[in-house]
Amino acid sequence: MKHILYVDDEADIREVAQMALELEPGFEVRCAASGAEALVVAREWRPHLIMLDVMMPELDGPSTLSRLRAEPSTAATPVIFITARTQVQEVEAFLSLGAVGVIAKPFDPMQLGSQVRELAFS
């Protein structure tokens, strides 16, 4: 069972993402509503993958990733950014921060699980 932490400040998107990811065999999903909450859940639950919304209030996705990397228990956990900011230079910048991939918002719920499997678990 692969544990995935999905982080987004929008409740409806979290709900759709969780349902979509749990359609994929072998995925168990927990959600967090903020970068700060994600840091706590990641430390306690030790997910195999963290999916981060880029634009969140207070602690955005890149800042959350920076803090995850500074924490020994999550330093090596793969991260995928979820964002509407998908111009080539933006995607390259997110990848240069250490993300294993970038998935465009709005995502296709029917494709999300296979996209995640391809980016993080293949």
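Tutor: We begin with a definition: a residue is called buried under 20% relative accessible area, exposed over 50%, and partly exposed in between, using a 1.4 Å probe and protein chains only. This is a predicted model, in which local features need pLDDT of at least 70, side-chain atom pairs count only at pLDDT 80 or more, and totals for chains, interfaces and linings use all residues. Residues are numbered from 1 along each chain as its sequence is written, and side-chain values use heavy atoms, with hydrogens and water left out.

Student: Is Glu58 buried or exposed?

Tutor: Glu58 has a relative accessible area of 87%, so it counts as exposed.

Student: What should I know about phi and peptide bonds?

Tutor: Most residues other than glycine have a negative phi, and most peptide bonds are trans. Here Glu58 has a positive phi near 65°, and Arg46, which is not a glycine either, has a positive phi of about 55°. Helices (H or I, at least four residues) and strands (E, at least two) are DSSP runs numbered from the N terminus; Arg46 lies in the loop between α2 (35-45) and β3 (49-53), while Glu58 lies in the loop between β3 and α3 (61-70).

Student: Which peptide bond is cis?

Tutor: The bond from Lys105 to Pro106 is cis, with omega near -5°, and Pro106 is in the loop between β5 (101-104) and α5 (109-120).

Student: How many bridges join β1 to β2?

Tutor: Two strands pair if DSSP finds at least two bridges between them, and six join the parallel strands β1 (residues 2-7) and β2 (residues 27-32).
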